[in-house]
Amino acid sequence: LERDKQKNIQVAMFVGGCVRKFLTNEDIDDIDIASIFTPEELKEKLKDSKFKIKETGIAHGSVTVVLNSSKFEITTLRKDSKTDGRHAEVSFINNWKDDSSRRDFTINAIYMDRAGKIYDPQNGRDDLKNRQVKFIGDPSSRIEEDYLRIIRFIRFSIHYDNKQSESKIIEAVKLNLNGIQNLSKERILDELCKIFKLKNIDVLLENKEIKSIFLIAFPEFKYLDRLKKYL
């Protein structure tokens, strides 16, 4: 992607989970890359290479690039122009800071170039060090863009053993809990599976705020405390 690029122009950087896990010395199981190139430009750049492209989310600027058994999710820098709590209409941009502003949590908006240099416009690295899960900008606004972020907030709070969240974040989450009903069962189930696969799932029982939110969102788990028998 960097072939023939102009000097002082960043065309692609790692972002999201792979950078977060790199910084915390966790196993990296997926690679996300942000790029200034549109899906069509990506296909043109890679057309004579060993990489194969799958159009997995082309309407949102995402393609999956495959080499042997390795997969790389590449997404064009974008701005969400319109959302309904489930889907977003996007416009492609070439501004890295603006791209970071539309992401969910500060810890997911840390970029890293090929040389390992960090670009952190939302101060996510400090939050990661302090095990803080914070929404970018106004929590309610971020949640209303995609209500799945409530469940993701629960998951990351458990994963990083977030002892105490800011009161405004907890309030925003509780006010928007009904929005989960607008999500597809598949998206909810996928996040729930990730939660129950966490090695430190016991944090869900120990963190009263997160446990309370989880039980309001999923009253079906009213016997959640029975998990203690298996931990």
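Let me begin with a term: a residue is called buried if its relative accessible area is under 20%, exposed if over 50%, and partly exposed in between, with a 1.4 Å probe and protein chains only. The structure before you is a predicted model, in which local features need pLDDT of at least 70 and side-chain atom pairs count only at pLDDT 80 or more, while totals for chains, interfaces and linings use all residues. Residues are numbered from 1 along each chain as its sequence is written, and side-chain values use heavy atoms, with hydrogens and water left out.

The predictor's confidence in each residue, pLDDT, runs from 0 to 100. Its mean for this protein is 91, and 97% of the residues reach 70 or more.

I turn now to the aromatic rings. Rings of Phe, Tyr and Trp (its six-membered ring) pair if their centres lie within 6.5 Å; planes under 30 degrees apart count as stacked, over 60 as edge-to-face and the rest as tilted. The whole structure holds 10 aromatic pairs. One of them joins F105 and F135 in a tilted arrangement, 4.8 Å centre to centre with 50° between the planes. These two residues are 30 apart and link distant parts of the chain. Both F105 and F135 are buried. Together with F153 and F156, they form one aromatic cluster.

Another tilted pair is F214 and F218, at 5.2 Å centre to centre and 50° between the planes. Is F214 buried or exposed? F214 is buried, because its relative accessible area is 0%. F218 is buried as well, with a value of 6%.

Notes:
Helix = DSSP H or I, 4+ residues; strand = E, 2+ residues; numbered from the N terminus.
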